[in-house]
Amino acid sequence: MGSVKKDNRLTSWQSFSCVAFSGIFSKSATSPLEVVKIKSQVGTFHCKKGFGQTFLLIYQNEGLKGFWKGNLTSCLRLFPYTAVHLSTYRKIVHLHVDQVGVISQARAIMAGGLAGVAAALLTYPLEVAETRLIAQNCREPSYVGVMRTLAKIQSSEGLLALYRGFSLTVLGAFPFSLGCYLVYTNVDRVWLEPPFRLSPLQNFINGCLAAAVAQTLSYPFETVKRKMQAQSSRLPHYGGVDVHFNGVTDCFVQVVKNKGVLSLWGGLAANTIKIVPYFGLLFACFELCKQLCLYRNGYIVSPLSYTPAPGVDQSLGPAELQEVNRYLRNRSFRADIGNRW
């Protein structure tokens, strides 16, 4: 069983900002690994000789800026994605919690999967733009800038091109959710502790392990999706894709036929290596942002510590705490005036 916990000491805007900014920081820091992964999935010439050689070829052909191609698009996508994901997840969870706010692990994971699909639907064109920007050579670009990339794809290939491969996001959600479920339903046996007694380090390890298993199971769907996003007859070398195909099924067939089954997991090494620094930076940045907000709201004594402020009721919401502080200040002011007279 799992409980849905929200820190009521933060406003909705503060919660959203903490998630969004920690996501931007961790994405930007691990962007080189993301670029290598996506190029490997698309099948550009950079990835023909393995993981290490891919880094070298990208640097030789595009310079350092080649490792941050598409990062602005990815970061911009975070804001609407996070907003839709959080709001959808909370609404779905609200329908399934019992009287004490507890929800089963399976239903919580299902809610996360459905919320992810809803958020992906809204932001999918930005993901297509990110893939096109990364797959191209930035020294001979076909696309420049986020908005111009979206406009060019829409004008030359039609609106549906911005949603090419979206069905694979839906299909990939099932093995992804299964991977999360398999990990989180077995962690009790590994740690010999119930979930609510796990330390932050144990929860971090569980999160990384769940991400590794879930992403590995759903990886073939993402590989085919990236190829579909990148391929275009209007681009040089069909967008750099290593196989030519017509539709989802044919893409699977052509990849397996021409490149072998294991090529469906191309770039998995970069993706797996990225997990620990990505989630480590994500959690660390989130905690720092959260502490700054709690300090600003008056709940803790320092932005570098979770030590509670003396005399502050931690169960109060930010608005309630402000009202209490305003009342105490007014009472102190009236008492001070009374003493003077």
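Predicted model: local features only at pLDDT ≥ 70, side-chain atom pairs only at ≥ 80, totals over all residues.

Biologist: Which residues touch the most other members of the largest nonpolar core?

Modeller: They are Val42, Val224, Val241 and Phe245, in a core of 20 residues. Helices H2 (31–42), H5 (105–135), H9 (200–230) and H10 (248–259) each give two or more residues to this core.

Biologist: Which of them gives the most?

Modeller: H2 does, with five residues.

Biologist: And what is Phe245 in contact with, leaving aside neighbours within four places in sequence?

Modeller: Phe245 is in contact with Lys227, Met228, Gln231, Asp250, Cys251 and Gln254. There is also a second, separate core of 16 residues, which includes Ala120, Leu126, Ile153 and Ala173.

Biologist: Ala173 interests me. Where is the kink in H7?

Modeller: The kink lies at Ala173, shortly before the proline Pro175, and amounts to about 25 degrees. H7 covers residues 166–184, and its 19 residues reach 27 Å from the first C-alpha to the last, close to the 27 Å expected. Both Ala173 and Pro175 are among the buried residues of H7, as are Phe166, Leu168 and Thr169.

Biologist: Why does Lys225 count as buried?

Modeller: Its relative accessibility is 9%, and buried means under 20%, so Lys225 qualifies.

Biologist: How far apart are Lys225 and Val97 in space?

Modeller: They are 34 Å apart, C-alpha to C-alpha, and 128 residues apart in sequence.

Biologist: Now Thr73, please: buried or exposed?

Modeller: Thr73 counts as buried because its relative accessibility is 1%. Thr73 lies in helix H4 (residues 71–96). Leaving aside neighbours within four places in sequence, Thr73 is in contact with Leu126, Ala129, Glu130, Leu133 and Val146. Leu126 also belongs to the second core.

Biologist: Last topic: at what angle do the axes of H1 and H11 cross?

Modeller: The axes of H1 (residues 12–29) and H11 (residues 268–297) cross at roughly 145 degrees and come within 8 Å. The crossing is right-handed.

Biologist: Which residues meet there?

Modeller: From H1 they include Gln14, Cys18, Phe21 and Phe25, and from H11 they include Tyr278, Leu282, Cys289 and Arg296.

Methods:
Residues numbered from 1 in each chain as written. Heavy atoms only, no water. Core = buried A, V, L, I, M, F, W, Y, C linked by side-chain atoms within 4.5 Å. Buried < 20%, exposed > 50% of the residue type's maximum accessible area, 1.4 Å probe, protein only. Helix = DSSP H or I, 4+ residues; strand = E, 2+ residues; numbered from the N terminus. Contact = heavy atoms within 4.5 Å. Expected span 1.5 Å × (residues − 1). Bend = angle between axes of the 7 residues up to and from the residue. Axes fitted to C-alpha atoms, helices over the stretch in contact; angles between N-to-C directions. Left-handed = near helix turned anticlockwise from the far one by under 90°.
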